[in-house]
Amino acid sequence: MIDGDGFRPNVGIIVANDQGQVLWARRYGHDAWQFPQGGIADGETPEQAMYRELHEEIGLERQDVKVLAQTRGWLRYRLPRRFIRNDKPPVCIGQKQKWFLLKLVGAESRVRLDMQKPAEFDRWRWVSYWYPLDQVVSFKRDVYRRALKELLPRLPVINTPRNR
């Protein structure tokens, strides 16, 4: 499902712990780290897609998390030319995302990376809230910054620096 402007609807998922750290995952077989994310299927709401992707990518169920916030509008990023597949219409030039901030309320041991084959991720860890901005691939950086800034006021930890 690609919109008329060439953007694929997608959800981004930020899972936070009690210390205000966020779950950061490494793409399977690559040295590329990111937040869990995934496409929205036809007939699926962003929230339904978020719960499906949450389970498929990191094994968490609805009862393992509490939704703290979601971004108001769509945040878009364009793919670099080398990632655009021009061989099959419609051409996807990037993604438009709704971002969700979740608090882990279940046990950390519930995080599992083997819920789908092939797995999306092969490692995960807790990192500081702003750490992903300097680590994510450059073409996603602005969307990450905008999502993190918008969702920060809903993070239950007060001592997180706000000026990024």
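How far apart are the mean positions of the 29 positive and 20 negative charges of the protein chain? They are 5 Å apart, where Lys and Arg count as positive and Asp and Glu as negative, with His and the chain ends not counted, and where the place of a charge is taken as NZ of Lys, CZ of Arg, CG of Asp or CD of Glu. This is a predicted model, in which local features need pLDDT of at least 70 and side-chain atom pairs count only at pLDDT 80 or more, while totals for chains, interfaces and linings use all residues. Residues are numbered from 1 along each chain as its sequence is written, and side-chain values use heavy atoms, with hydrogens and water left out.

**Overall fold**

- The protein chain has three helices and eight strands, these being DSSP runs numbered from the N terminus, with helices of type H or I and at least four residues, and strands of type E and at least two.
- Along the sequence these elements follow the order β-β-β-β-α-β-β-β-β-α-α, and the radius of gyration of the protein chain is 15 Å, close to the 15 Å that the globule rule gives for 164 residues, so the chain is as compact as a globular protein of that length.
- That radius is taken over C-alpha atoms, and the globule rule is 2.2 Å times the number of residues to the power 0.38.
- The C-alpha trace spans about 45 × 35 × 30 Å along its principal axes.

**Burial, surface and contacts of the chain**

- The accessible surface of the protein chain comes to about 8,900 Å², of which 46% belongs to carbon and sulfur atoms; the areas come from the Shrake-Rupley method with a 1.4 Å probe, and for residues only the protein chains shown count as cover.
- Of the contacts (heavy atoms within 4.5 Å) between residues at least 6 apart in sequence, 72% join residues at least 24 apart.

**Helix residues**

- Glu57, in helix 1 (residues 46-58), is buried with a relative accessible area of 3%, and its side chain reaches the backbone nitrogen of Gln37 at 3.2 Å.
- Beyond its neighbours within four places in sequence, Glu57 is in contact with several residues, among them Pro36, Arg112, Leu113 and Phe121, whereas Glu57 and Asp42, 15 residues apart in sequence, are 19 Å apart in space, C-alpha to C-alpha.
- Leu148, in helix 3, is buried with a relative accessible area of 0%, and, neighbours within four places in sequence aside, is in contact with Ile14, Phe35, Tyr129, Trp130 and Leu133.

**Loop residues**

- Asn17, in the loop between strand 1 (7-16) and strand 2 (22-27), is buried at 8% relative accessible area, and a polar atom of its side chain lies 2.9 Å from the backbone nitrogen of Gln19.
- Pro118 is placed in the loop between strand 7 (94-104) and strand 8 (121-127), and the peptide bond from Lys117 to Pro118 is cis, with omega near -5 degrees.
- Most peptide bonds are trans.
- Val137, in the loop between helix 2 (131-135) and helix 3 (141-151), counts as partly exposed at 35% relative accessibility, and Val137 and Val67, 70 residues apart in sequence, are 26 Å apart in space, C-alpha to C-alpha.

Terms used
Buried means under 20% relative accessible area, exposed over 50%, partly exposed in between (1.4 Å probe, protein chains only). A polar contact is a pair of N or O atoms within 3.5 Å; within protein, one must be able to donate a hydrogen and the other to accept it, and residues adjacent in sequence count only if both atoms are side-chain atoms.
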